[in-house]
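Morning, everyone. Let's look at how this one packs inside. Here it is.

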There are 2 protein chains.
Amino acid sequence: MSNFSIDALQHKINTKTKPLGSLGILEKLALQIGTVQQTLLPQVVQPHIVVFAADHGIAAAGLVNPFPQAVTAQMVYNFCAGGAAINAFCKVNDCSLTVVDCGVKTVFDTSLPITHSKIAMGTANYLEGKAMSEPQVQQAMQIGVQAVEQAYQKGTNVIGFGEMGIGNTSAASLLMSAILGLPVQDCVGRGTGVNDSQLTTKLATLEKVYQLHQLSLPSAQPLALLQAVGGFEIAAMVGAFLHAYKLQMVFLVDGFIATSAYLIAQLIEPAIVANAVFAHCSQEQGHTTMLHHLHATPLLQLQMRLGEGTGAAMAIPILRAACSFVNEMASFESAGVSTGT
Amino acid sequence: MSNFSIDALQHKINTKTKPLGSLGILEKLALQIGTVQQTLLPQVVQPHIVVFAADHGIAAAGLVNPFPQAVTAQMVYNFCAGGAAINAFCKVNDCSLTVVDCGVKTVFDTSLPITHSKIAMGTANYLEGKAMSEPQVQQAMQIGVQAVEQAYQKGTNVIGFGEMGIGNTSAASLLMSAILGLPVQDCVGRGTGVNDSQLTTKLATLEKVYQLHQLSLPSAQPLALLQAVGGFEIAAMVGAFLHAYKLQMVFLVDGFIATSAYLIAQLIEPAIVANAVFAHCSQEQGHTTMLHHLHATPLLQLQMRLGEGTGAAMAIPILRAACSFVNEMASFESAGVSTGT
């Protein structure tokens, strides 16, 4: 550990038996993981995904979401039964998964194998007032901190975050609009699949919210934005990103909603970018813009738009491969392979 | 098996607990794999990579290659010692690997754990005549057939092909130029890393070869092209693609050189496209053009340019994930999740 330097790691990467730079993004990723872990032997140990679930007050009215609000709770049950996409992807990629109820609008039996941290039966409707109280923002962020801490204590060094919350692309769009200083219409997309008429209603609704909460004010602070239009699961992810950074873990930034939480977290602590691996570029239209704003190159472009941390789970094998070439490959010298001219 | 229909598989995919189409490319991939395998339960069984190695007569002069010709053999030893990138990626992705000597310019000890199928000590220099004789083309293609057959007999149902051969981006560029009807300069790139002056020499050399063999003739037949400027490893891949198709296996098309072989194979049997999964878009400039010509969307864009089948090996987890969601996820009905409006 004490011998670590970025130059030494770069040298190790450069002298592997391959043309210089020929592993492209994997070389940058290996350098990043090794730097975060401060080692010439980067590793992915017990990768873990946390899915934060919560409901959004706005979703009860059906103005922004094609799926009914009840689907948030139904999907929590589905996660527990192993039937969701994130279950399949975690299983196939040998990645553990926990689900956290941050504020789903259903009373779950305490025997349900999730982390029971319900703050309220969903956020308040931000068409009528702030989505959360100030203490609720802190409470939600603390849920994220706790989830990361638990995984860390079990030995995880790479963690990704997903979300489930009917209506949460709307919260993400509003946060994006405020932080990037872009018109709401440039930040709103079809989410899980609104049709043209639903999209018009969604956009009109969110423009009203934007005005109501004066999100255009450049003086708006990240936590105030979160309080006004965020979600419990989004606030939890903000806390999770910050704590993963604090614990020197590599963390995966999933899709549109996770990246909206990342935008808030990075405003609070810009240094977290060092630990951030952008997993997948979502089909949700605003995500490309967010990634561009962050100068981020995602590992995967699989045209997914599902959330749940699916992009993060799909990226795990790529992180493993990046570590493996650093640890397994011979150097030109050790293999007796001639170098280029 | 008898109940299989594409419609039934598409219906199964559509009724999984996720917004319609929200797994993007994975949904198309799952449909393709299931269709090739004629099953509603697509699977990746014992995925396997074959690396075909051979030398190119042109490379002895050093006009097209920054690495010396001896590196082909050195890398074969490196594959056997487990020290190359393809070893690391196969290991981390639980994929088996075999290496085939189709014509490396070194006498290998028969105890070396490779398939010993040397046709000659490299191809002839296509600056002076045809790279191969007609029987050598057939012999090389048969090597590919045998490699696929062996993997198939062991239970493999997904196979990828890689190559090692100093100078083989030049052969691939010439094949591309002839088949796509593009000027040589649009098909020549930096390969493993030629500098500006080396690139100028490489281009001038290949333009001379292009004229010498009259590659511009639209009447040129695929096997004649292969004979004039191909490589033993490229011809082996042609045979391998065709045989994998014949055996109803899913096969992975790796980077620039593998895709040049695929271009030949598809001219011989256009139907093979049904079984082809394009794994990775190489940084070698011509590869994007090739993929565009084939209307192919590669699974990965990791900016690699290494060959060896590395792109194919990196794609294996994505194929596994595509199968896993079809087999593991619940349907809306079975999970009691409400569908969208």
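Start with the core. This is a predicted model, and its largest nonpolar core has 122 residues. The residues with the most contacts inside that core are Leu26(A), Phe89(A), Leu319(A), Leu26(B), Phe89(B) and Leu319(B). In soluble globular proteins, nonpolar side chains tend to be buried together.

Take Leu26(B). What does Leu26(B) touch, leaving out residues up to four places away in sequence? In chain A, Phe89(A), Leu302(A), Met304(A) and Met314(A). In chain B, Ile318(B), Ala322(B) and Phe325(B).

Next, the rings. Searching the whole structure gives 16 aromatic pairs over all chains. One of them is Tyr77(B) with Phe108(B), edge-to-face, 5.4 Å centre to centre, with 80 degrees between the planes. Tyr77(B) sits in helix α3 of chain B, while Phe108(B) is in the loop between β2 and β3 of that chain, 31 residues apart. Tyr77(B) is partly exposed, at 38% relative accessible area. Phe108(B) is at 7%, under the 20% cut-off, so Phe108(B) counts as buried.

Another pair is Tyr262(B) with Phe278(B). Also edge-to-face: 5.2 Å between centres, 85 degrees between planes. Tyr262(B) belongs to helix α10, Phe278(B) to strand β6, 16 residues apart. Both are buried.

Over in chain A, ring pairs join Phe52(A), Phe161(A), Phe241(A), Phe251(A), Tyr262(A) and Phe278(A) into a cluster.

Last, a helix pair. α6 and α11 of chain A pack at about 35 degrees, axes 11 Å apart. The crossing is left-handed. From α6(A) come Ala172(A), Met176(A) and Leu180(A); they meet Gly286(A), Thr289(A), Met290(A) and His293(A) of α11(A). By class, that contact has 4 nonpolar, 3 polar and no charged residues.

Terms used
Residues numbered from 1 in each chain as written. Chains lettered and ligands numbered in written order. Predicted model: local features only at pLDDT ≥ 70, side-chain atom pairs only at ≥ 80, totals over all residues. Heavy atoms only, no water. Axes fitted to C-alpha atoms, helices over the stretch in contact; angles between N-to-C directions. Helix = DSSP H or I, 4+ residues; strand = E, 2+ residues; numbered from the N terminus. Left-handed = near helix turned anticlockwise from the far one by under 90°. Contact = heavy atoms within 4.5 Å. Nonpolar A, V, L, I, M, F, W, Y, C, P; charged D, E, K, R; others polar. Core = buried A, V, L, I, M, F, W, Y, C linked by side-chain atoms within 4.5 Å. Buried < 20%, exposed > 50% of the residue type's maximum accessible area, 1.4 Å probe, protein only. Phe/Tyr/Trp six-rings, centres within 6.5 Å; stacked < 30°, edge-to-face > 60°.
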